[in-house]
Amino acid sequence: MEMGGVILTAFIVILVLILISCIKIVRQAQAVVVERLGAFQATWGTGLHFKLPILDRVARRVDLKEQVVDFAPQPVITKDNVTMRIDTVVFFQITDPKLYCYGVANPIVAIENLTATTLRNIIGDLELDQTLTSRETINTKMRASLDVATDPWGIKVNRVELKNIIPPAAIQDAMEKQMKAERERREAILRAEGEKKSTILVAEGKKESIILDAEAEKQAAILRAEAKKEAQIREAEGEAAAIVKVQQASADGIRFIKEAGADESVLTIRSLEAFEKAADGKATKIIVPSNIQGIAGLATSLTEMIKDTKETQKK
């Protein structure tokens with residue numbers, strides 16, 4: 001009885017272990033391909049699953065996350081017979097685990113070889129300069145070609161990037177010299193444009209200075225003319241005022257004489273005084289009126305009489 005109990009216990013333990021081994025848990029972003037008696041049975045997604053003991057087996061666990069493969073540089077020849085090396089990076093994702101398991105023996109190696117041949121075909125239609133400046137175009141063409149070719153394998157190619165393009169050493173030296181010459185050319189152009197702009201600015205400054213000087217001279221001439229005009233006006237006004245004052249004084253003198261009741265002899269004497277002032281001028285010929293000549297003789301006689309009287313008194 002003890003031996004039978006031990007065997008039963010061992011059998012139960014083995015059965016439990018087998019049942020536990022048949023329980024499978026599939027993690028997130030994973031898939032499990034299950035075969036039954038060597039043939040494809042099912043693809044398990046995320047969750048808890050149970051397989052039949054001995055009959056079912058897990059053929060492969062597949063990672064459904066996007067994967068990145070960096071391939072070694074591949075030698076390619078351009079259309080103008082330049083040999084260069086290009087390394088590529090492929091981003092792909094498994095969309096069908098069954099096709100991935102049974103579609104191709106080694107998917108990564110297959111993608112690498114397919115990438116190399118596709119790259120050679122594309123670069124073979126481009127020249128060196130086009131290859132160096134058309135990375136985006138090459139990436140697009142490679143992704144489209146690889147996506148179509150890997151579709152039967154349950155693989156979707158999301159992106160293809162040219163990581164590095166390595167031309168021959170001689171081409172690199174020539175490119176460096178060309179870039180140096182181009183930089184020097186651009187520098188010379190920029191320097192010439194700067195000198196041109198500077199010359200234009202100097203000329204415009206001189207022109208503006210000449211215009212300002214002419215405008216200032218014009219304003220100064222206008223101010224001088226206005227000042228001269230103002231001085232002439234004031235001088236004329238002063239002369240006019242003086243004439244008015246002289247005429248006013250003469251009129252006042254005549255009115256005073258008339259008011260004082262002066263007779264003809266007084267007026268005659270005033271005329272003689274005016275005649276005396278006229279004689280003091282620079283005139284070379286003087287015309288004396290007849291009436292004044294008689295009065296002048298009378299004045300001379302009176303003067304002589306007064307002189308004789310004074311001499312008599314002295315004696």
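**Close-up views of a predicted model**

**View 1. Strands 2 and 5 pair side by side.** Strand 2 (residues 30–36) and strand 5 form an antiparallel pair over 7 bridges. Strands count as paired if DSSP finds at least two bridges between them. Helices (H or I, at least four residues) and strands (E, at least two) are DSSP runs, numbered from the N terminus. V34 lies opposite V58 in strand 5. The model is predicted: local features need pLDDT of at least 70, side-chain atom pairs count only at pLDDT 80 or more, and totals for chains, interfaces and linings use all residues. Residues are numbered from 1 along each chain as its sequence is written, and side-chain values use heavy atoms, with hydrogens and water left out.

View 2. Axes here are lines fitted to C-alpha atoms, for helices over the stretch in contact; angles run from 0 to 180 degrees between N-to-C directions.

**View 3. T43 in strand 3**. T43 counts as partly exposed because its relative accessibility is 35%. Buried means under 20% relative accessible area, exposed over 50%, and partly exposed in between (1.4 Å probe, protein chains only). T43 touches A31, V32, P97 and K98, leaving out residues up to four places away in sequence. Contact means heavy atoms within 4.5 Å.

**View 4. The largest nonpolar core.** This core has 31 residues; I86, L119 and I138 have the most contacts inside it. Two or more residues each come from strand 8 (83–94), helix 2 (97–102), helix 3 (107–123), helix 5 (135–150) and strand 9 (155–166). Helix 3 gives the largest share, 6 residues. A nonpolar core is a set of buried Ala, Val, Leu, Ile, Met, Phe, Trp, Tyr and Cys residues joined through side-chain atoms within 4.5 Å. Beyond four places in sequence, I138 contacts L119, I122, I123, L126, T131 and L162.

**View 5. Helix 3 against helix 5.** The two axes come within 10 Å and cross at roughly 135 degrees. Helix 3 is therefore oblique to helix 5. Angles under 35 degrees count as roughly parallel, over 145 as roughly antiparallel, 65 to 115 as roughly perpendicular, and the rest as oblique. Residues that meet include I111, L114 and L119 in helix 3, and I138, M142 and L146 in helix 5.
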